[in-house]
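Please look over the structure below. Some questions and answers about its helices follow.

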Amino acid sequence: MPVRLKKLIGTVLLVALVIVYALVATMVAVAQLAESGPVVHFLFFLLSGLVWILPAMGIIKWMVSEPKARG
């Protein structure tokens, strides 16, 4: 697959990941943390703000990997 196509697909996947992840994290926070204190809110948003990096790293690694040689 050409590098430019991989970067385009990866960019679209990253944007989709961030949007979907933000919506899911917000829905979980609204549904589960309504009665929680500020420390629980801080910890939830700290962890949920860091967890999305793991799938993003996989997408970025795939985007920048060299194409396999034919033959």
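Q: Which helices each supply at least two residues of the nonpolar patch?
A: This is a predicted model, where local features need pLDDT of at least 70, side-chain atom pairs count only at pLDDT 80 or more, and totals for chains, interfaces and linings use all residues. Residues are numbered from 1 along each chain as its sequence is written, and side-chain values use heavy atoms, without hydrogens and water. Helices are DSSP runs of H or I with at least four residues, numbered from the N terminus. The helices that each give at least two residues to the nonpolar patch are H2 and H3.

Q: Which helix gives the most to the nonpolar patch?
A: The patch covers about 930 Å², and its members include Val 18, Phe 42, Trp 52 and Met 57. With five residues, the helix that gives the most is H2.

Q: Is Ile 53 buried, partly exposed or exposed?
A: Ile 53 lies in helix H3. Buried means under 20% relative accessible area, exposed over 50%, and partly exposed in between (1.4 Å probe, protein chains only). Because its relative accessibility is 33%, Ile 53 is partly exposed.

Q: Where on helix H3 do its buried residues lie?
A: The buried residues of H3 are Ala 56, Ile 59 and Met 63. Seen down the axis of H3, they fall within an arc of 60°, so they line one face of the helix.

Q: Which exposed residues are on the face of H3 turned away from its buried side?
A: H1 is included in what covers the buried residues of H3. The face turned away from that buried side carries Leu 54 and Lys 61.

Methods. Patch = residues over 30% accessible without salt bridge, like charges linked within 9 Å, V, L, I, M, F, W, Y side chains within 5 Å. Areas by Shrake-Rupley, 256 points an atom, 1.4 Å probe, with all protein chains shown as cover. Salt bridge = Lys/Arg side-chain N within 4 Å of Asp/Glu carboxyl O. Arc of directions from axis to C-beta. Contact = heavy atoms within 4.5 Å.
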